[in-house]
Amino acid sequence: MADTYDMIVIGAGPGGYVAAIRGAQLGLKVACVEREHLGGICLNWGCIPTKAMLRSAEVFHLMHRAKEFGLKADGIGYDLDAVAQRSRKVAKQLSGGIGHLFKKNKVTSIMGEAKLAGKGTVEVTTDKGTQTLRAKDIVIATGARARDLPGLEADGERVWSYKHALVPPHEPKKLLVIGSGAIGIEFASFYNTLGAETTVVEVMDRILPVEDEEISSFARKQFEKQGMTIKAKAIVKKLDRRKDKVVATIESDGKAETHEFDTVISAVGIVGNVEGLGLEEAGVKIDRSHVVVDEYCRTGVEGLWAIGDIAGAPWLAHKASHEGVLVAEMIAGRNDVHPVKPGAIAGCTYCHPQVASVGLTEAKAKEAGHKIKVGHFPFIGNGKAIALGEPEGMVKTIFDEETGELLGAHMVGAEVTELIQGYVIGRQLETTEQDLQQTVFPHPTLSEMMHESVLDADGRAIHF
Ligand SMILES: Cc1cc2nc3c(=O)[nH]c(=O)nc-3n(C[C@H](O)[C@H](O)[C@H](O)COP(=O)(O)OP(=O)(O)OC[C@H]3O[C@@H](n4cnc5c(N)ncnc54)[C@H](O)[C@@H]3O)c2cc1C
């Protein structure tokens, strides 16, 4: 006999587990099926373990700067295995926390591989056999995995995916990172800080290509100062894998060159986990590797919803979780549910220096036909940044000249991944330039630069 629920969630990543908990909070009987690990990629192989590794790199970097702060640190070194072990421990702690949250909220957690098996039916293959579950509403939250390009496939030996890079089988000394999106740049920054000779190859004309051009170029200069080699508008044509090295053929400006590396990290994007779920048979529309949904995460097939990475860009944990809440509330019949506003979702990259943004870039704002006003403020003009020893960075704000609407905000520098939320709230509340100008920012904080950038758009910045 099938176990019957109000809602079945397939996948326990930040999309799925949040949907399950919110559904249970709203009184639904919920089951969440997960084939590998509670917390999904985010807690186990993505957001959290990378930030744990990057924190080690940051502390290492600061230890080298000890003298500048009047401190002594001799014999500075690191143990890469210990760095990775700490990161695994943090991931495990958080993944375990999801189990507790499920218990607390009375979500039935089932470890197994799920697939759709007819209307309102999910078949789960577990260690003990096959289990059939039924529910009126089923949420697909199966996430995504690393994209493998032909010839550039990760093998876990000399060519790594993000998973291998988090539990490195050896220490890279000469590293090639293919792709300069958030994942590629974070690993490049981590290993470069630890001393690996690092080269980043990006097919687009600049690194972090979704970011505002000024921010990308500022970040590039900082990375180059730290010794990274950046090859933009370049393409890795071939990886010749030898026992202890990889010979990469890199083409740029029509010329092909070969370079030797001991390690390659392939970070060329992700593909949705759409296979083996019975989605096509259920009538769900798939575009490349993503399920097509409307702004309420409906697939068009009654009772079937899709959230998070499987439902397309932006591939971010907070977007997945927000959609998780949204679908649970829709399923529970709440009538106050608002669609996600893509323009109010921040993107953060935790490299050194950090990069964060929300809303339109300057180019996109112009493309959309806005007459714009732009403000800038450099970290060098901020007391807290100087006190922290972090004078390199920039805050840029873009407003609609006619309405004063905050169209976009872009930052590079220390702690900007924490600061950006101030502007996210601004975007969510449709804040204007005037509201932000009249807001009092605490002193001394890095956030004062957010104020100054707004003031600068009106030619009235005080400290620069
Ligand atoms: C290295 C790296 C760093 C990242 N850093 C950040 C960051 O700093 N900030 C950020 O916002 N995002 C970051 N991301 C992206 C973030 O991890 C994803 O956007 C997020 O995990 C998506 O959540 P999800 O719930 O959609 O899917 P996932 O987290 O991928 O979870 C899906 C779950 O579904 C399970 N599953 C799949 N198929 C089945 C099945 N048939 N049956 C049962 N279970 C199944 C999987 O095992 C998985 O646990 C990073 C990603 C990577 C790879």
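Predicted model: local features only at pLDDT ≥ 70, side-chain atom pairs only at ≥ 80, totals over all residues.
My topic is charge pairs. Side chains of opposite charge can pair when their charged atoms come close. In our structure there are 30 salt bridges, and I'd like to walk you through a few.

Let's begin in helix α3, residues 47-64. Here Arg 55 and Glu 58 form a salt bridge at 3.6 Å, N to O. The two sit 3 residues apart, about one turn of the helix. Arg 55 is partly exposed at 44% relative accessible area, and Glu 58 is partly exposed too, at 34%.

Next comes the pair of Glu 68 and Arg 65, whose side chains meet at 2.7 Å, N to O.

Now for a pair between distant parts of the chain. Glu 433 and Lys 373 make a salt bridge at 3.1 Å, N to O. Glu 433 belongs to helix α13, residues 433-437, and Lys 373 to strand β22, residues 372-378, which puts them 60 residues apart. Lys 373 has a relative accessible area of 18%, so by that cut-off of 20% this lysine is buried. Glu 433 is buried as well, at 8%.

Finally, please find Asp 212, Glu 214, Glu 362, Lys 366 and Lys 396: salt bridges with shared partners join these residues into one network.

Terms used: Residues numbered from 1 in each chain as written. Heavy atoms only, no water. Salt bridge = Lys/Arg side-chain N within 4 Å of Asp/Glu carboxyl O. Helix = DSSP H or I, 4+ residues; strand = E, 2+ residues; numbered from the N terminus. Buried < 20%, exposed > 50% of the residue type's maximum accessible area, 1.4 Å probe, protein only.
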